[in-house]
Amino acid sequence: MLSSNINPNEATITAVSRLAAAKDDAGYAFELVKSLAKYNEKPRLRTYDPCLFCYVKNLDAENAYDVEKDILNNGLCLEEPEIAALLNVSAEVGNADKVYDYMLKLRACGKCVSESTTEVVGSWFSGEFGERVGGEWDTGRVRDVVVKNGGGWHGLGWIGNGKWVVRRTSVGSGGGCCGCGERLACVDIGKDDTEKFAQSVVALAVEREKRSNFTQFQNWLDEHNDFEAIVDGANVGLYQQNFADGGFSVPQLEAVVNELHNRRNKWPLVILHEKRINALLANPCNRDILEEWIDEGILYGTPVGSNDDWYWIYACVKLNCMLVTNDEMRDHIFELLGSSFFPRWKERHQVHYTFSKGQLKLEMPPSYSLVIQESEKGAWHVPITGEYNDESLRPWLCITRPEICKDSDEFSKCEESRESGKMINGIVINPCSNSSNNSDYFYNG
């Protein structure tokens, strides 16, 4: 192609790079990728895979790290296969700091990990190098960082000493690990991300709403900041109603408000269009309950012409509380937020609801998050990919040290099973298990 004055494109370079890697020439494969700049072509993640995986196969960690650096410099993001490969080569050469970094990157890139990645992770913790890592940290500092990060990880470094216990187990509906007894966290976005999120909502709302209206709401919320739940009034009131007839169910809204009050002995904040409130007050059947809410200071009317979405999402983010709505927030205004942590925020804060034969059922956020978790005691829990109607059937990798969980009742049960010989083919039967898929197994390294 070059002799014919034809510039190769990304697909061509990727194909030749694969050939080079097949001949075990990772260096030439990497040079081919870097040559794309001469042809005004941008590499893709797949363009880097041949040289990266070739370096990893040859345990050439330093060059593999150089490939990663070039990937990031080109504005690309690593995905699970690339992170797992880099974690694997770091484990093989005993670079504990890099392994730790890649565990955190693996955590950030998605929810569950594949079986092949699970093997890589398990092998590191069960191996000789993994046994050596660790140290003592100030527990107060670790706890503070975990809280600041939103729960589920601290990122300070390896905690504890001695051999790791690596087992395949399950997690109960309440979030308790059936292997070590630790309770997994329902992970929120960190404090810094929460503040950025709130600022982005304000900036967009002020840009699209009448500034004085939204500023007035911000000031009002500063003075009424003890709410633990926000209710999207329009979403609840119009649920399963006849839109052609303009139906709005105040009894449905009242049921949600009362249920939230009964649970926490605190009133939620209901946000509804001012025009809607005035129309409902005109009906004597609705007047008493609406006036009661107004007197209690729990009903806020958004101005005519405003978009109430901005108001309820800002209130929820600002007060860090629950949001009752079935709105999946896929509209363009939420796309404008464009934050990578928005799905995590929704998972932690959104409360769905249903009315079946007139009976309200609130679907609270999950008691724990389906993501790799690093506890303040140093334990790791890794969810494994798969489709499960019942999350208690999902296998997890539980990685801990004996001193962390020796006082746990669940861990004691596992120890008793092991000592009493309740094992099948060398596999300890997990006392929390409902399925053979959830049985403990120990890596041999």
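Buried, in this talk, means under 20% relative accessible area, exposed means over 50%, and partly exposed is in between, with a 1.4 Å probe and protein chains only. Please keep that in mind for the rings.

This is a predicted model, so local features need pLDDT of at least 70 and side-chain atom pairs count only at pLDDT 80 or more, while totals for chains, interfaces and linings use all residues. Residues are numbered from 1 along each chain as its sequence is written, and side-chain values use heavy atoms, with hydrogens and water left out.

Overall picture first. The protein has 445 residues, and 50% of them count as buried. Its secondary structure comes to 20 helices and 12 strands. Those are DSSP runs numbered from the N terminus: helices are H or I with at least four residues, strands are E with at least two. A contact means heavy atoms within 4.5 Å. Of the contacts with a separation of 6 or more, 69% join residues 24 or more positions apart.

Now the aromatics. Rings of Phe, Tyr and Trp, using the six-membered ring of Trp, pair if their centres lie within 6.5 Å; planes under 30 degrees apart are stacked, over 60 edge-to-face, and the rest tilted. How many aromatic pairs does this rule give? The count is 24.

Take Tyr100 and Trp158. Their ring centres are 5.0 Å apart and their planes sit at 75°, so this pair is edge-to-face. Tyr100 is in helix H6, residues 96-109, and Trp158 is in the loop between helix H9 (139-148) and strand S1 (165-169), so the pair ties together parts 58 residues apart in sequence. Tyr100 is buried at 5%. Trp158 is buried too, at 8% relative accessibility.

Next, Trp220 and Phe227. This pair is stacked, with 6.4 Å centre to centre and 20° between the planes. Trp220 counts as buried at 18%, and Phe227 at 8%. Both belong to one aromatic cluster, together with Phe214, Phe217, Tyr300, Tyr311 and Tyr314.

Charges over rings come next. The rule asks for NZ of Lys or CZ of Arg within 6 Å of the ring centre and within 35 degrees of the ring normal. Lys34 puts its charged end over the ring of Phe30, 4.3 Å from the centre. Lys98 lies over the face of Tyr65, at 4.5 Å from the ring centre.

Last stop, Glu82. Is Glu82 buried or exposed? Glu82 counts as buried, at 3% relative accessibility. Glu82 sits in helix H5, residues 80-93. Leaving aside residues up to four places away in sequence, Glu82 touches Leu45, Asp49, Leu52 and Phe53.
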